[in-house]
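Visitor: Please show me the structure, and then let us discuss it by question and answer.

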Amino acid sequence: MQKKTEYIEQALLLFSKYGCKRVGMDDVAETLGISKKTLYEVFENKNNLVQESVSLLLNRTHDKISRFIQISDQEPNPFNNIIHIYNVGLKELRNLSPTFFYSLKKYYPQSYILHENFTQAVVWTYVLDLLEVAKNKGLLKDNINLKLICELFLIRINEVILPNRDFFDSYSTEELLEHLIMVPLHGIKK
């Protein structure tokens, strides 16, 4: 099992740097110092390896989000938690090449759907719940439609950042976080 995890981690590094299409099983095996046959003994095919790599990425991201929220539950600040969620997300996105998502979407749609479902779950579970906590505490303006806020300001990160990777070259994670998340959150606070 430890070897399998090591293989998945190495594949994820290669896929995130060069894209899933450009990295073959030969490349992964060579980087690991094993034969391609050995790699195929662990993974049925490349699609399986890509899917397990994406799952690893998403599980790690989820763990980073969950750990922070569990720690902060003693003195919950919904705005800080939302900011943390997107800070984690932006840092993860910064580590992925543009070809990673392009090749994932075009050649490995099941794995791409895993990523999309994860993003949706984060917004509609964590973020919406945190906005509801803020509303119940009287921290939001009265006329705020929480679902609309999630759709307009929070989900759009994937639509704004992913196709325009120049944002990561031009702006720091902190600047992106400030303008994409903190400014809109400030606008809905009482």
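**Salt bridges, core and surface**

Guide: To begin with one residue of this predicted model, Lys-36 has a relative accessible area of 36% and is therefore partly exposed.

Visitor: With which residue does the side chain of Lys-36 meet in a salt bridge?

Guide: The N to O distance of the pair is 3.4 Å, and a salt bridge requires a separation within 4 Å. The partner of Lys-36 is Asp-26.

Visitor: Which helices hold Lys-36 and Asp-26?

Guide: The two residues are ten apart in sequence, so their pairing ties together separate parts, Lys-36 in helix 3 (residues 36-42) and Asp-26 in helix 2 (residues 25-32). Asp-26 has 48% relative accessibility and therefore counts as partly exposed. The helices asked for are helix 3 and helix 2.

Visitor: How far apart are the closest N and O atoms of Lys-64 and Glu-92?

Guide: Lys-64 and Glu-92 form a salt bridge. Because Lys-64 lies in helix 4 (residues 46-72) and Glu-92 in helix 5 (residues 78-94), the pair ties together parts that are 28 residues apart in sequence. The closest N and O atoms are separated by 2.5 Å.

Visitor: Is Glu-92 buried or exposed?

Guide: The limit for a buried residue is under 20% relative accessible area. Glu-92 has a relative accessible area of 14%, so the class is buried.

Visitor: How many residues apart are Asp-142 and Lys-190?

Guide: The side chains of Asp-142 and Lys-190 meet in a salt bridge, at 3.4 Å from N to O. The pair links distant parts of the chain, namely the loop between helix 7 and helix 8 and the segment after helix 11 (173-188), and the separation is 48 residues.

Visitor: What is the relative accessible area of Lys-190?

Guide: A residue counts as exposed at over 50%. Asp-142 is exposed, with a relative accessible area of 64%. Lys-190 is exposed as well, and its relative accessible area is 62%.

Visitor: How many salt bridges does a search of the whole structure find?

Guide: Among them are Lys-64 with Glu-92 and Asp-142 with Lys-190. The search of the whole structure gives a total of five.

Visitor: Which helix gives the largest share of the lining of the largest pocket?

Guide: The largest pocket has a volume of about 220 Å³. Ten residues line this pocket, with Phe-101, Lys-105, Tyr-112, Leu-162 and Pro-163 nearest its centre. Two or more lining residues come from each of helix 6 (98-107), helix 7 and helix 9 (156-161). The largest share, four residues, comes from helix 6.

Visitor: Which residues make the nonpolar surface patch of about 230 Å²?

Guide: One member, Leu-148, lies in helix 8 (residues 146-154). Leu-148 counts as partly exposed because its relative accessibility is 39%, and patch residues need over 30%. The patch is made by Leu-148, Leu-152 and Phe-153.

Visitor: How many helices are there in the protein chain?

Guide: The protein chain has 190 residues, of which 44% are buried. The chain contains zero strands, and the number of helices is eleven.

How values were computed:
Residues numbered from 1 in each chain as written. Predicted model: local features only at pLDDT ≥ 70, side-chain atom pairs only at ≥ 80, totals over all residues. Heavy atoms only, no water. Patch = residues over 30% accessible without salt bridge, like charges linked within 9 Å, V, L, I, M, F, W, Y side chains within 5 Å. Areas by Shrake-Rupley, 256 points an atom, 1.4 Å probe, with all protein chains shown as cover. Buried < 20%, exposed > 50% of the residue type's maximum accessible area, 1.4 Å probe, protein only. 1 Å grid on protein atoms, 1.4 Å probe; cavity = no way out; pocket = protein on both sides within 12 Å on 5 of 7 lines; lining within 4 Å. Points joined across faces, edges and corners; volume = space filled by probe spheres on them.
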